[in-house]
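Thanks for coming, everyone. I'll walk through a few places in turn.

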Amino acid sequence: MTDEQTPPPERKNRPTPSRKEAEAARRQERRPALTRKQRAEQDRRRRQEIRTKQREALNSGRGDYLPPRDQGPVKAYVRDHVDRRHNIAEFLLPTLVFMLLFNIFGPQFLNARATATIVSLLWSFTIVATLFDEVLLVRSLKKGMREQFPDVASFKGTTSYAVLRSSQIRRLRLPKPAIKRGEPFKSRY
C-alpha cells in the first residue's frame, strides 16, 4: 500500500482521559490490586523459597543463606578445623546413653556394687578425656586462626562455636561437614 491508499485513522469515540485518570489507569495496569488471600499466598511462597535456600545452604555449608551464626570465612575455618579431626566430645552422648542403659540393666548380669563402680569409672574417664580433648581443640584452633587470619583483631564467639560443634555427632552437624577427617584445609577462606 502506498501513502495514498492508507485508510484514514479511526475515531476514538470517547473523550480524552484527564491526566489524573490516565496515571491511575497506568498504576492499575502496572500493579494489580491483590486481595488479602493473594498477598498471603505470595508471602507464603516467598518464605518457602527462602527456607529452601537456607536448607540447601545448611546442607552444602556454603551460600548467602546460612544463618548469621554460621556466616563468614572465620566460621567456615572453625567448622573445617573441627570437622577434620576426631573429637571425643562427639561420642559423649552415645557413651552417656550406654552408661544409663548399663546402669539400668547391668545389675542383672553383675552385682550392683560392680555396676556402680564401672559406671562411675567410665563416667569419670569420659568427662576427663572430653575436657582434655576440648582444651587441645581450642589451643590448636586459636593457633590456626592467628596464622590463617592475621589481620582479624577479635575471634569473639569462635571458641564456643567450636566446642558446641565438636560435641555434635558428625553426621547430624549443620551446616554439613565440607571436609573429611584428616584432609588438609581448603583454600576457601
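Start at Lys53. Lys53 is partly exposed, with a relative accessible area of 36%. Partly exposed means between two limits: buried is under 20% relative accessible area and exposed is over 50%, with a 1.4 Å probe and protein chains only. Lys53 sits in helix α2. Helices here are DSSP runs of H or I with at least four residues, strands are runs of E with at least two, and both are numbered from the N terminus. Now find Leu66. Lys53 and Leu66 are 13 residues apart in sequence, and their C-alpha atoms are 8.7 Å apart in space.

A word on the source. This is a predicted model, where local features need pLDDT of at least 70, side-chain atom pairs count only at pLDDT 80 or more, and totals for chains, interfaces and linings use all residues. Residues are numbered from 1 along each chain as its sequence is written, and side-chain values use heavy atoms, with hydrogens and water left out.

Stay on α2, which covers residues 36–60. Which residue does Glu41 meet in a salt bridge at 2.7 Å? The partner is Arg44, with that distance taken N to O between the side chains. A salt bridge here puts a side-chain nitrogen of Lys or Arg within 4 Å of a carboxyl oxygen of Asp or Glu. Glu41 and Arg44 are 3 residues apart, about one turn of the helix. Glu41 counts as partly exposed because its relative accessibility is 31%. Arg44 is partly exposed too, at 39%.

Glu41 also forms a salt bridge with Arg45, with the closest N and O atoms 3.6 Å apart. That pair is 4 residues apart in α2, again about one turn. Arg45 is partly exposed at 45% relative accessibility.

Next pair, also on α2. Asp43 forms a salt bridge with Arg46, and the closest N and O atoms are 3.0 Å apart. Both lie in α2, 3 residues apart, about one turn of the helix. Asp43 is partly exposed at 32%, and Arg46 is partly exposed at 43%. Elsewhere, salt bridges that share partners join Asp83, Glu90, Arg165, Arg173 and Arg181 into one network. How many salt bridges are there in the whole structure? A search finds 10. As a general point, side chains of opposite charge can pair when their charged atoms come close.

Now move to helix α3, residues 73–83. Is α3 mostly covered or mostly open? Mostly covered: 10 of its 11 residues are buried. Among them are Lys75, Tyr77, Arg79 and His81. The buried residues of α3 pack against α5 and α6. Contact, throughout, means heavy atoms within 4.5 Å.

Look at α3 with α6, which is residues 158–166. The two helices pack at an angle of about 35°, with their axes 10 Å apart. Axes are lines fitted to C-alpha atoms, for helices over the stretch in contact, and angles run from 0 to 180 degrees between N-to-C directions. On the α3 side, the contact includes Val74, Val78 and Val82. On the α6 side, Tyr161, Ala162 and Arg165 are among the residues involved.

What sits in the largest nonpolar core? Ten positions: Val74, Tyr77, Val78, Val82, Leu137, Leu141, Met145, Phe149, Tyr161 and Ala162. A nonpolar core is a set of buried Ala, Val, Leu, Ile, Met, Phe, Trp, Tyr and Cys residues joined through side-chain atoms within 4.5 Å. Helices α3, α5 (112–148) and α6 each supply at least two residues of this core. α3 gives the most, with 4 residues. In soluble globular proteins, nonpolar side chains tend to be buried together.

Zoom in on Val82. Leaving out residues up to four places away in sequence, Val82 touches Asn87, Leu137, Ala162, Arg165, Ser166 and Arg173.

Two last stops. Ile104 is in helix α4, residues 92–105. Ile104 is partly exposed, at 49%. Ile104 and Thr115 are 11 residues apart in sequence and 9.2 Å apart in space, C-alpha to C-alpha.

Finally, Pro175, in the segment after α6. Is the peptide bond from Leu174 to Pro175 cis or trans? It is cis, with omega near -10°. For background, most peptide bonds are trans.
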